[in-house]
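Grab a pencil and keep the 3D viewer open. Here are some exercises, each with a solution worked out in steps.

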Amino acid sequence: VEPGERCSLPDGSVDAICIAQALHWFDLPRFFAECARVLKPGGVLLAWGYQDIVVPADIAKAVADFQQVVEPYWPPERYFIDEAYAAFEFPFRAIDTPRLELTAQWTLPRMLGYFSSYSATKRYVDAHEANPVSAHADAIRAAWGDPSTVRTLRWPLFVHARRKES
């Protein structure tokens, strides 16, 4: 385990580097320089992440009310995820990637558990000594209906794929 910005891998020794939902925490100039150093010619840098949950229309308002409350408690770096790393100056030539999304079949308790796992939820609880998921659960439950009903939830997925020149 080493920092991505400086590792002990030999020069030109790696076929692929993959970063999942974390590139926004790196020192980008140093990390990209390290990618250039350790990737083999023709090697690939892949950086991906998923954006905010997309819920069915009939529960969207109740979920949006919760999201609006916790949004100010996301760390500033969350902006980079929301923007799909659009402002990042990636090295290497871009490789076309398909449009993708993550999907899940969840019951209401599973989705509320997911909302409880947000770092923004934890920061809200720390600041207010109140749980925003609990505060919004009744409204979300009323929109959802039977809590055991399984619904399809989606997350837009973005992928940046770059190939180091041969």
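**Exercise 1. Which residues does F115 contact, leaving aside its neighbours within four places in sequence?**

Step 1: Pick the rule, which is that contact means heavy atoms within 4.5 Å. Step 2: List the partners of F115, which are I53, V63, F66, Q67, T121, V133 and I140.

Before you go on, some ground rules. This is a predicted model, where local features need pLDDT of at least 70 and side-chain atom pairs count only at pLDDT 80 or more, while totals for chains, interfaces and linings use all residues. Residues are numbered from 1 along each chain as its sequence is written, and side-chain values use heavy atoms, with hydrogens and water left out.

**Exercise 2. Which members of the largest nonpolar core touch the most other members?**

Step 1: A nonpolar core is a set of buried Ala, Val, Leu, Ile, Met, Phe, Trp, Tyr and Cys residues joined through side-chain atoms within 4.5 Å. Buried means under 20% relative accessible area, exposed over 50%, and partly exposed in between (1.4 Å probe, protein chains only).

Step 2: The largest core has 23 residues, and I53, M111, F115, Y118 and I140 touch the most other members.

Step 3: See where the core comes from. Two or more residues each come from α2 (57-70), β4 (100-106), α4 (108-117), α6 (132-144) and β5 (151-163). These labels are DSSP runs numbered from the N terminus: helices (H or I) have at least four residues and strands (E) at least two.

Step 4: Look for another core. There's a second, separate one of 19 residues, with V14, I17, I19 and L28 among them.

**Exercise 3. At what angle do the axes of α4 and α6 cross, and which residues make the contact?**

Step 1: Two packed helices are described by the angle between their axes and the distance between the axes. Axes are lines fitted to C-alpha atoms, for helices over the stretch in contact, and angles run from 0 to 180 degrees between N-to-C directions.

Step 2: Here the axes of α4 and α6 come within 11 Å and cross at roughly 150°. So α4 is roughly antiparallel to α6 (angles under 35 degrees count as roughly parallel, over 145 as roughly antiparallel, 65 to 115 as roughly perpendicular and the rest as oblique).

Step 3: Name the contact residues. From α4 they are L108, M111, L112, F115 and S116, and from α6 they are V133, A137, I140, R141 and W144.

Step 4: Sort them by type: eight are nonpolar, one is polar and one is charged. (Ala, Val, Leu, Ile, Met, Phe, Trp, Tyr, Cys and Pro count as nonpolar, Asp, Glu, Lys and Arg as charged, and the others, Gly among them, as polar.)

**Exercise 4. How do α2 and α6 pack, and which residues meet?**

Step 1: The angle is about 170°, and the axes are 8 Å apart. That makes α2 roughly antiparallel to α6.

Step 2: On the α2 side you'll find D58, I59, A62, V63, D65, F66, V69 and V70, and they meet P132, V133, H136, A139, I140, A143 and W144 in α6.

Step 3: By type, this contact has twelve nonpolar residues, one polar and two charged.

**Exercise 5. Are V55, R141, K122 and V14 buried, partly exposed or exposed?**

Step 1: Take V55, in the loop between β2 (39-50) and α2. Its relative accessibility is 15%, so V55 counts as buried. Beyond four places in sequence, V55 touches A60, V63, M111 and L153.

Step 2: Move to R141 in helix α6. R141 has a relative accessible area of 34%, so it's partly exposed. Not counting residues up to four places away, R141 touches L108 and P147.

Step 3: With 52%, K122 is exposed.

Step 4: Finish with V14 in strand β1. At 13% relative accessibility, V14 is buried. The C-alpha atoms of V14 and V44 are 30 residues apart along the chain and separated by 8.8 Å.

**Exercise 6. Where do Q21 and F92 sit, and what are their phi values?**

Step 1: Q21 is in the loop between β1 (14-20) and α1 (28-38). Its phi is near 55°, a positive value in a residue other than glycine.

Step 2: F92 is in the loop between α3 (78-82) and β3 (93-95). F92 isn't a glycine either, but has a positive phi of about 75°.
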